[in-house]
Amino acid sequence: MKLQSVELRRIRLSLVAPFETSFGVQTERDVLLLQATTTDGVGWGECVAGEEPTYSSEYVDGAQHVLIHHLLPRLLDQASLTADDVGRVLRPVHGHNMAKAAIEMAILDAELRARGESFGKYFGATRAAVDCGVSVGIHPSIPELLATVGEYLDQGYRRIKLKIKPGWDVEPVRAVRDRFGDIPLQVDANTAYTLAHAAQLAKLDPFDLLLIEQPLPEDEVLAHAELAKLVRTPICLDESIISAQAAADAIELGASHGVPVWMGGMLETGIGRAGNVAMAAMPNFTLPGDTSASERYYHRDITPPFVLHDGRLDVPAGPGLGVDVDREFLDSITYWKESVGKLSHSAT
């Protein structure tokens, strides 16, 4: 097929509640969405880059710029294009994987919709529904944390992940274990520690956690391997895994405790969540991920909401991403858009 044009748009969605991690507090998402128009049809993509380069080096203004000026022109110049070609065509542009993934996602959505195939089938999904966990941000107090965790468990979530940072680690974990017993529990540090904190992180070992996610800075893969020798709790890498090659290198170095994976999340809208759920249904996803219900984050989503059923989310079965965009609502929350194509280049 031929890529004809891409419409980029920015929307703002307020979160149901503030979400605090070791690198800041988020109250809304500034989302960059893409709609790719091809000779075979249209498809949607979502860029997960944040407003500031604090989680990763990518941020939404930068993603918008690199898409318009560097990525889309290369793809639009191709006489024929499939989703499998995107990585090869964009390889001369270093980095910017979130921006690259957004356009690859949109092209794949168009491609699969045209042939009536779902993302789940394309990825080799083996389950019609996936177990769901929930990521719980840092709270002002332990009683407030316990109340939030209790609400999520009452809703049926099958795994709890607690955000931690120095000064907010052992005691909140201890409190959740004491209150709720032997629930599947893990923690996520978002790079907040150093190897010098190994003794402190080892204090989490008695609580039988599933894993400690990304305790050290993303470029310290060797240090993660060393930390894994000093604590009993398995170490999980997130920010460090910026490519398939990075994952292969980490496994070879012994920085992870096994190849099986689970699906994270970046506060996606229903567009990104549809892709996440489809991938989470693949065979090697062995733990409940951060693929929470839509209402966990947004009062109203831009697609029909993903609803929790017995602690699971259904994998969309329709063509492509398998979700429809609420265009009227989307238009009402769009504050910028621009079309890039061989025959048009307009902004509103």
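This report covers a pocket, the aromatic contacts and the salt bridges of a predicted model.

## Basis of the values

Because the model is predicted, local features need pLDDT of at least 70 and side-chain atom pairs count only at pLDDT 80 or more, while totals for chains, interfaces and linings use all residues. Residues are numbered from 1 along each chain as its sequence is written, and side-chain values use heavy atoms, with hydrogens and water left out.

## The second largest pocket

The second largest pocket has a volume of about 320 Å³. Of its 15 lining residues, A17, P18, T148, Y152 and R296 are the closest to the centre. A pocket here is an open set of points on a 1 Å grid over the protein atoms alone, where a 1.4 Å probe fits, with protein on both sides within 12 Å along at least five of seven lines; lining residues have an atom within 4 Å of a point. The volume is the space filled by probe spheres set on the points, which are joined across faces, edges and corners.

Strand β1 (3-21) and helix α5 (142-155) each supply at least two lining residues, and β1 gives the most, with five. Helices (H or I, at least four residues) and strands (E, at least two) are DSSP runs, numbered from the N terminus. By class, the lining has seven nonpolar, four polar and four charged residues. Ala, Val, Leu, Ile, Met, Phe, Trp, Tyr, Cys and Pro count as nonpolar, Asp, Glu, Lys and Arg as charged, and the others, Gly among them, as polar.

## Aromatic contacts

The whole structure holds five aromatic pairs. Rings of Phe, Tyr and Trp (its six-membered ring) pair if their centres lie within 6.5 Å; planes under 30 degrees apart count as stacked, over 60 as edge-to-face and the rest as tilted. For F23 and Y55 the centres are 5.9 Å apart and the planes are at 55°, so this pair is tilted. F23 lies in the loop between β1 and β2 (24-38) and Y55 in the loop between β3 (41-47) and α1 (60-76), so the pair ties together parts that are 32 residues apart in sequence. Y297 and Y298 also form a tilted pair, at 6.3 Å centre to centre and 55° between the planes. F23 is partly exposed, at 34% relative accessible area, whereas Y297 and Y298 are buried. Buried means under 20% relative accessible area, exposed over 50%, and partly exposed in between (1.4 Å probe, protein chains only). Ring pairs also link F119, Y122 and F123 into a cluster.

Two arginines lie over rings: R12 over Y335, at 4.0 Å from the ring centre, and R300 over F329, at 4.1 Å. The criterion is NZ of Lys or CZ of Arg within 6 Å of the ring centre and within 35 degrees of the ring normal.

## Salt bridges

Side chains of opposite charge can pair when their charged atoms come close. The structure has 23 salt bridges, each a side-chain nitrogen of Lys or Arg within 4 Å of a carboxyl oxygen of Asp or Glu. R9 forms a salt bridge with E7, the closest N and O atoms being 3.1 Å apart, and both residues are buried. R9 also bridges to D331, at 2.9 Å between the closest N and O atoms. This second pair links strand β1 to helix α11 (residues 327-333), with R9 and D331 322 residues apart. D331 is partly exposed, at 42%.

D188 and K161 form a salt bridge with their closest N and O atoms 3.4 Å apart. D188 lies in strand β7 (residues 185-188) and K161 in strand β6 (residues 159-163), so the pair ties together parts that are 27 residues apart in sequence. Both are buried, and they belong to a salt-bridge network that also includes R159, K163, E213 and D290.
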